[in-house]
Every structure is written in C-alpha cells, then in structure tokens.
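Q: I am new to this model. Can you show me how to read a few of its features?

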Amino acid sequence: MVIPLNTPAAEGALLVPYPGTLDVAHELVEHAAWLLHEHRQARNTRWRKLGCFDQALLTLVHLRKNETFAQLGAGFSILQATAWRYVDEALEVLASWAPGLHEALTGLRDGDHVIVDGTLIPTDRVRADQPYCSQKHKGHGMNVQVIARPDGTPLWFSRATPGRTHDLTSARAHGIVPACLTRQLLVLADRAYQGAGATFRTPYYHHREQPEHYQQFNRNHARLRAPGEPAFAQLKSWRILRRARCSTRRISRTAQAIHTLLTCDYSG
C-alpha cells in the first residue's frame with residue numbers, strides 16, 4: 001500500500017508503510033488500551049476504525065518515536081486527521097490519570113526527602129517568541145518541574161510554563177514550596193532554587209573556596225541527588241519531548257500522559 005502525503009510542504013510525496021517495533025512492554029500497551037476501553041464505555045462510543053489496543057499503540061508510537069501524524073496515518077491505514085483525533089483523545093484519557101501535587105506527595109512521611117528539578121522541553125519557535133526562549137539552555141521550549149523519589153521514581157510532573165520562567169519562580173507558582181513545607185519534606189535541588197527557603201537544600205556556590213565542611217555538604221548533596229536523576233532522563237526517553245512540534249498548550253497534557261505511562265502498575 002502506498003499512501004499519498006497531501007501536504008503543501010510535500011506535494012505529491014508518497015508514504016510507504018513498513019514493519020516496525022516499539023520499545024515498550026506489551027503490558028503497557030494493554031494497560032493504556034484498558035483505560036481507553038473504559039473511556040469508550042463511559043461515552044457509549046460507536047464503532048471505530050481502530051480498536052482500543054490499536055489506538056493505544058498508535059498513541060505510544062507517537063509519544064515514543066515522535067512520528068508525524070502523516071506517518072502514523074500511513075502506518076495504521078487511517079487518515080492523517082483521524083490519527084490526530086485518536087492521539088488527542090488518548091492523551092486526554094491518560095493525562096486524567098496523572099496525580100495532582102498533593103496526591104503525589106501523599107504517603108511520604110515527615111523527614112523523607114524528594115528531588116526537585118526543572119527540565120526544558122524544546123519546541124519549534126521563532127526568535128521573536130521571547131517568553132519561550134530559555135537563556136540557560138539557549139533555545140526555545142517549555143519548563144516542566146519534576147518531583148522524584150530518591151530512587152528515581154517520578155512522583156509528579158507540573159504543567160508546562162514558558163521556557164524563560166526561572167526554576168524557582170516556576171516551583172513557587174506550582175505550589176511546590178508550600179506543599180513540601182506542609183509535609184516537612186526535605187527537598188534536594190540545584191542552585192537554581194537558592195532562595196526557596198522552607199525545607200529546600202541547595203549546594204553552596206564556590207564551595208572549593210569555602211571551608212571543608214562546605215565542600216563536604218556539597219559532596220553529600222550530590223551523592224543524595226544522583227540516584228534521582230533517572231526520573232528526568234525517563235521523561236526525555238520519550239522522543240516527543242525532545243523536540244515538540246505541537247502547540248505549547250498541549251505539552252502539559254503530553255507530559256502528564258507520559259507520567260501516567262511511567263508510573264502505572266500493570267503487573268496485576
């Protein structure tokens with residue numbers, strides 16, 4: 001089967017489907033399909049071109065491999081617009097299962113510690129879009145705050161804010177500082193969060209010029225933060241968040257949908 005690609009940028013081009021694989025567990029696709037099945041049952045949805053499993057697979061291919069909707073449509077033998085609608089619906093369903101901030105922190109005891117950091121989701125933006133330009137990363141994107149357990153398990157992803165937003169400003173806007181203070185959670189963060197106060201702990205500047213106990217504090221801080229770094233790497237393992245081509249308004253929902261996929265329990 002050869003499917004014409006009817007877009008102004010590629011007039012007359014053809015898309016040829018080919019066999020491929022997806023590097024996720026089969027159980028994860030089944031779990032996402034079950035959530036879609038419940039959604040369809042609740043809405044009493046009529047017959048669809050794709051079943052729940054294929055719709056879940058379509059969405060995971062989009063998130064994991066960042067294929068365009070034209071490529072997805074060719075691979076699943078559906079129209080480009082239909083692929084967009086299926087993915088949009090699935091993202092909404094998955095994102096609805098992502099926990100809120102207070103729900104994510106429930107179960108942590110006084111004295112526990114978490115790791116907080118911000119990550120930039122690169123986007124295709126022009127130089128004139130100043131709110132999205134991050135001076136730190138020298139590029140355009142959206143800022144997402146991540147809270148992780150010490151073992152690297154992600155607890156919560158914030159909604160996306162323009163890339164120029166400072167990490168500390170973003171943390172305050174999302175309510176991370178007071179939420180952790182209320183539960184007396186020790187928060188390990190990098191230097192971008194200096195001034196947060198409360199229960200936040202950040203490294204010292206110019207620690208090599210300071211007394212030995214300052215240097216030891218920074219070494220201990222780095223040692224405790226290191227196991228949590230995989231939480232931030234897991235987010236970028238989904239290629240859709242390495243270079244988002246969608247509207248910036250959809251990045252929040254995409255990140256929350258990925259959080260659901262990263263933390264769902266499909267072992268049972």
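A: Start with a definition: buried means under 20% relative accessible area, exposed means over 50%, and partly exposed lies in between. Keep in mind that this is a predicted model.

Q: Is Ala 226 buried, exposed or partly exposed, and which relative accessible area does the residue have?

A: Ala 226 has a relative accessible area of 44%, so the residue is partly exposed. Ala 226 sits in the loop that joins α8 (212-225) and α9 (230-236).

Q: What span should helix α2 have?

A: Count 1.5 Å a residue. For the 14 residues of α2 (residues 52-65) that gives 20 Å, and the end C-alpha atoms are 20 Å apart, so the two agree.

Q: How many residues of α2 are buried?

A: α2 is mostly covered, with 10 of its 14 residues buried. Among them are Cys 52, Leu 58, His 62 and Arg 64. The buried residues pack against α1 (26-43), α3 (69-76), α4 (80-95) and α10 (251-263). Just past the helix, Asn 66 adopts a positive phi of about 60°.

Q: Where does the charged end of Arg 64 sit?

A: Over the ring of Trp 238, at 4.8 Å from the ring centre.

Q: How do I describe two aromatic rings together?

A: Use the distance of the centres and the angle of the planes. This structure has three aromatic pairs. One aromatic cluster is formed by Tyr 204, Tyr 214 and Phe 217.

How values were computed
Residues numbered from 1 in each chain as written. Predicted model: local features only at pLDDT ≥ 70, side-chain atom pairs only at ≥ 80, totals over all residues. Heavy atoms only, no water. Phe/Tyr/Trp six-rings, centres within 6.5 Å; stacked < 30°, edge-to-face > 60°. Lys NZ or Arg CZ within 6 Å of the ring centre and 35° of its normal. Helix = DSSP H or I, 4+ residues; strand = E, 2+ residues; numbered from the N terminus. Expected span 1.5 Å × (residues − 1). Buried < 20%, exposed > 50% of the residue type's maximum accessible area, 1.4 Å probe, protein only. Contact = heavy atoms within 4.5 Å.
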